[in-house]
Amino acid sequence: MAATLRFDVFTLFPEVFSPYMQTSILQRAQASLLVELQLHNIRDWTADRHHVCDDMPYGGGGGMVMKPEPIFTAVEAVLGAPPGCPVILLTPQGRVFTQAVAEELSQKARLALLCGRYEGVDERVREHLVTDEISIGDYVLSGGEVPAMVLIDAITRLIPGALGDPEGAWDDSHATGLLEYPHYTRPPEFRHWRVPDILLSGDHARIARWRRQQALLRTKQRRPDLLQKANLSDNDRDFLLDLELQDK
Ligand code: ADE
């Protein structure tokens with residue numbers, strides 16, 4: 001039986017994926033064939049004796065550039081020419097990864113993730129092989145491996161059955177377009193800090209309302225930009241209006 005979603009990762013450092021992929025939700029998702037992960041070492045697809053994958057940039061300047069031949073050979077050997085699925089380059093120059101992008105990609109049957117290293121990849125890889133470029137944020141990492149794991153994690157969580165609790169993914173920060181409400185567990189009092197009484201009340205309707213309002217409050221305080229795009233009810237808007245009146 002084929003997995004629901006197969007990731008093919010092309011990297012010079014396949015070994016960094018294993019510990020994280022063998023943990024918790026990601027491991028379970030693979031064991032239950034919801035996702036499949038295949039790692040491909042780009043170095044295995046070099047034709048020269050020294051397995052060289054990088055070279056100096058034409059025109060001079062610092063840093064090295066990933067050579068096009070091993071990348072094309074690897075991706076086309078695994079996925080065909082042209083590849084029959086999205087080929088995503090992880091790069092700070094890509095579109096920014098968000099929950100909406102994770103949802104979009106979770107609908108695919110197969111995704112190829114290409115991890116850049118050094119100063120980047122030869123431009124011909126971008127122009128003639130890659131179909132999408134994704135950045136995980138406006139900062140520069142040493143390579144695309146950690147960003148690829150970020151994508152795999154966020155996308156896998158969205159595949160039905162990957163989380164034990166079917167509501168888990170829905171309540172998460174960003175899934176609703178809002179930040180999450182605060183969580184508490186036992187004990188009810190720790191160092192004189194008490195869990196809010198309402199959470200101990202057993203009144204599920206009031207608890208749900210309190211959580212929604214906390215999520216709105218948090219989002220307004222920390223990420224007001226998210227409120228513009230969030231799906232808000234009339235009650236939500238009334239609550240936010242009241243907050244504004246209190247501030248005045
Ligand atoms: N490679 C280096 N930095 C990156 C980033 N912020 N996102 C995706 N890939 C990267």
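**Close-up views of the ligand site and a salt bridge**

**View 1. Make-up of the ligand shell.** By class, eight nonpolar and four polar residues form the shell around the ligand, with no charged residues. The model is predicted. The residues surrounding the ligand are Leu90, Thr91, Pro92, Ile134, Ser135, Ile136, Gly137, Tyr139, Val140, Leu141, Gly143 and Pro147.

View 2. Two strands, E5 (87-96) and E7 (132-135), each supply at least two residues of the shell around the ligand. E5 gives the largest share, three residues.

View 3. At Tyr139, a polar backbone atom is 2.8 Å from a nitrogen atom of the ligand. For Leu141, a backbone N or O atom lies 3.0 Å from a ligand nitrogen atom. For Gly137, the distance from a backbone N or O atom to a nitrogen atom of the ligand is 3.2 Å. The ligand taken alone exposes 260 Å², and the protein buries 96% of that.

View 4. The ligand takes up the space of the second largest pocket.

View 5. Side chains of opposite charge can pair when their charged atoms come close. Here Arg110 forms a salt bridge with Asp8. Their closest N and O atoms are 2.9 Å apart. Arg110 lies in strand E6 (residues 110-115) and Asp8 in strand E1 (residues 5-11), so this pair ties together parts that are 102 residues apart in sequence. The count of salt bridges comes to 15.

Notes
Residues are numbered from 1 along each chain as its sequence is written. This is a predicted model: local features need pLDDT of at least 70, side-chain atom pairs count only at pLDDT 80 or more; totals for chains, interfaces and linings use all residues. Side-chain values use heavy atoms; hydrogens and water are left out. A residue is near a molecule or strand if one of its heavy atoms lies within 4 Å of it. A polar contact is a pair of N or O atoms within 3.5 Å; within protein, one must be able to donate a hydrogen and the other to accept it, and residues adjacent in sequence count only if both atoms are side-chain atoms. Accessible areas come from the Shrake-Rupley method with a 1.4 Å probe; for residues, only the protein chains shown count as cover. On a 1 Å grid over the protein atoms alone, a cavity is a set of points where a 1.4 Å probe fits but cannot get out, and a pocket is an open set with protein on both sides within 12 Å along at least five of seven lines; lining residues have an atom within 4 Å of a point. A molecule sits in a cavity or pocket if more than half of its atoms lie within 2 Å of its grid points. Helices (H or I, at least four residues) and strands (E, at least two) are DSSP runs, numbered from the N terminus. Ala, Val, Leu, Ile, Met, Phe, Trp, Tyr, Cys and Pro count as nonpolar, Asp, Glu, Lys and Arg as charged, and the others, Gly among them, as polar. A salt bridge is a side-chain nitrogen of Lys or Arg within 4 Å of a carboxyl oxygen of Asp or Glu.
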